[in-house]
Amino acid sequence: MKHILFVASESLPFVKTGGLADVVGSLPKALTSNYRVSVFLPLYSSVIPKLKEAKAVVSFQITTPCIHQPATILKQTHDGIDYYFLQHQGYFERDGYYGYPDDGERFAFFNLACATFIEKVNLSVDIIHSHDWHAGMIPLLSRVVFKHHPNHKNIKHVFTIHNLAYQGQFPLSVAKECLGLSDQIINDGSIRFDDGVNFLKSAIVYAHKITTVSPSYAQEILGVAFGERLHEVLRLRQYDLYGILNGIDTTFWNPSEDPLIPYHFDSETLENKIKNKLALQKKLGLKSSENTLLLGVVSRLTWQKGIHLILDQMSDIMGLDVQLVVLGSGEAHLEHGFRHMVEKYYGRLAYVAGYNEPLAHEIYAGCDLLLMPSLFEPCGLSQMIAMRYGTLPLVREVGGLKDSVLPYNSSDQSGTGFSFKDFSISDLYHVLRMAVYLYYHYPSEFEQVQRNAMNEDFSWALSSVQYAKVYDSL
Ligand code: ADP
């Protein structure tokens with residue numbers, strides 16, 4: 001059995017800020033029948049209380065011109081998967097996860113410690129599957145810096161881009177002083193970008209195979225519009241680039257058993273979904289009304305997610321017979337916008353800031369439509385989760401949204417949601433009106449679309465086979 005080591009900065013059930021954690025938390029489980037899978041993560045403060053049975057495996061020193069630090073690796077097995085945690089109090093035991101001035105140094109340490117761990121402990125790793133920029137230096141370190149070490153020599157590298165917009169771009173000193181790379185490596189064009197070093201570019205250059213999280217996004221990132229200035233580098237690797245749609249953990253996201261929602265339901269008992277709506281309205285101070293269409297947003301509030309289209313269109317949206325619940329934090333002006341709107345639409349609009357897992361479940365269960373008008377969307381998981389809970393996604397036709405949401409077709413009641421093409425307020429509003437019209441005037445058709453959505457298979461069954469093909473091609 002091949003041994004695959006996942007390296008990432010977050011993974012459920014230990015730490016999550018976004019979809020990356022869902023994927024790293026659920027894909028290994030789907031692979032365990034054919035592979036041995038382990039996961040390597042940083043040990044953040046928030047993870048420590050969850051490591052009741054963790055044992056130290058090894059300790060060593062990382063030494064580069066600017067880093068002289070000890071590293072300890074702890075191991076805990078969960079659901080048959082070995083999780084290895086990199087412990088370093090100063091770098092990782094902080095209140096947050098990212099966005100610190102020393103992120104370059106912290107994640108240089110993370111990459112170096114992972115490569116050193118493999119050198120020190122013979123885990124018989126065949127493939128390292130690293131994820132996003134935080135682990136972007138692993139292929140280079142393993143294939144160039146540690147290449148003569150027997151534990152590294154035969155390792156193949158897969159790298160997954162979950163979001164090209166986040167690249168890990170740092171001053172050159174991070175490459176030279178923190179990673180301790182030679183001038184030759186730094187100056188050969190493989191890792192430099194603008195005046196600095198780019199972790200994501202390095203991974204694109206050095207990984208044997210690159211994947212991203214939907215077929216459409218794999219195409220989109222080869223062009224200027226979505227390529228985030230790395231499209232030329234990606235084009236050089238396009239024959240090793242695969243777009244594989246993410247799955248979701250359908251056991252965790254299961255409306256007929258979800259412990260975080262008040263009333264369980266499935267596609268044949270949609271009347272219980274309405275009870276969740278009433279419970280949500282009550283909880284959030286919205287007017288209790290089972291027949292009013294409830295719109296939901298569960299998202300990071302960033303420019304990527306097109307949230308400003310909703311805010312800019314609020315008068316028109318609230319001019320329809322709808323209520324809206326928004327959960328999420330992010331850019332201050334977007335948070336402020338919703339806070340302001342709550343006063344204006346008291347009893348019809350609820351805004352909850354922050355990251356709130358239980359409330360997210362209640363929103364997926366209680367809403368009728370989920371808005372996701374993203375500017376770009378590598379894959380998107382919220383729309384898949386929403387569909388599983390019979391909450392129809394209204395999305396922009398981009399990236400993984402395009403690959404996972406089949407737009408409603410009135411001629412045969414097919415479709416699993418609603419979609420629009422141009423990133424414009426008027427297109428969003430036009431489709432929203434159509435969905436609202438269907439809800440009020442053709443409720444049995446609306447229900448049919450809900451059933452279509454709930455009956456879609458968003459598990460990892462299909463996509464894990466595609467990952468297996470990539471692994472086996474190495
Ligand atoms: P992202 O770009 O943030 O990774 P995805 O749609 O791929 O977007 O994944 C988002 C994941 O994070 C989903 O599981 C969604 O339910 C969850 N999520 C997003 N915002 C919040 C929040 N404020 N509270 C709880 N869960 C959230």
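What is the volume of the largest pocket? The largest pocket has a volume of about 1100 Å³, and the space taken by the ligand is this pocket. The structure is a predicted model, in which local features need pLDDT of at least 70 and side-chain atom pairs count only at pLDDT 80 or more, while totals for chains, interfaces and linings use all residues. Residues are numbered from 1 along each chain as its sequence is written, and side-chain values use heavy atoms, with hydrogens and water left out.

**Largest pocket**

- A pocket is an open set of points on a 1 Å grid over the protein atoms alone, with protein on both sides within 12 Å along at least five of seven lines; a cavity is a set of points where a 1.4 Å probe fits but cannot get out, and lining residues have an atom within 4 Å of a point.
- Of the 48 residues that line the largest pocket, Thr17, Gly18, Gly19, Leu20 and Arg300 are the closest to its centre.
- The elements that give two or more residues to this lining are H1, H15 and H16, and the largest share, four residues, comes from H1; helices (H or I, at least four residues) and strands (E, at least two) are DSSP runs, numbered from the N terminus.
- By class, the lining of the largest pocket divides into 20 nonpolar, 19 polar and nine charged residues; Ala, Val, Leu, Ile, Met, Phe, Trp, Tyr, Cys and Pro count as nonpolar, Asp, Glu, Lys and Arg as charged, and the others, Gly among them, as polar.

**Ligand surroundings**

- The ligand is surrounded by 19 residues, the closest being Lys16, Gly19, Arg300, Lys305 and Tyr364; a residue belongs to this shell if one of its heavy atoms lies within 4 Å of the molecule.
- Helix H1 (19-31), helix H15 (357-366) and helix H16 (382-388) each supply at least two residues of the shell.
- The shell divides into seven nonpolar, eight polar and four charged residues.
- A polar backbone atom of Gly19 is 2.6 Å from an oxygen atom of the ligand, and a polar backbone atom of Leu381 is 2.8 Å from an oxygen atom of the ligand.
- From the side chain of Arg300, a polar atom lies 2.7 Å from an oxygen atom of the ligand.
- The protein covers 93% of the 560 Å² of accessible area that the ligand has on its own, as given by the Shrake-Rupley method with a 1.4 Å probe.

**Second largest pocket**

- The second largest pocket holds about 320 Å³ of space; a volume is the space filled by probe spheres set on the grid points, which are joined across faces, edges and corners.
- Its lining has 15 residues, of which Ile274, Asp368, Tyr439, Glu447 and Gln450 lie nearest its centre.
- H11, helix H18 (425-441) and helix H19 (443-455) each supply at least two residues of this lining, which divides into six nonpolar, three polar and six charged residues.

**Cavity**

- The structure holds one cavity of 30 Å³ or more, and about 30 Å³ of space lies in the largest cavity.
- Pro262, Asn276, Ala279, Leu280 and Glu362 line the largest cavity, with the largest share, three residues, coming from helix H11 (residues 271-284).

**Backbone geometry**

- Most residues other than glycine have a negative phi, and most peptide bonds are trans.
- Leu12 and Pro13 are joined by a cis peptide bond with omega of about 5°; Pro13 is placed in the loop between strand S1 (3-7) and H1.
- Asp79, although not a glycine, has a positive phi of about 50°, and is placed in the loop between strand S4 (68-78) and strand S5 (81-87).

Notes
Polar contact = N/O pair within 3.5 Å; in protein donor to acceptor, adjacent residues only side chain to side chain. Sits in = over half its atoms within 2 Å of the grid points.
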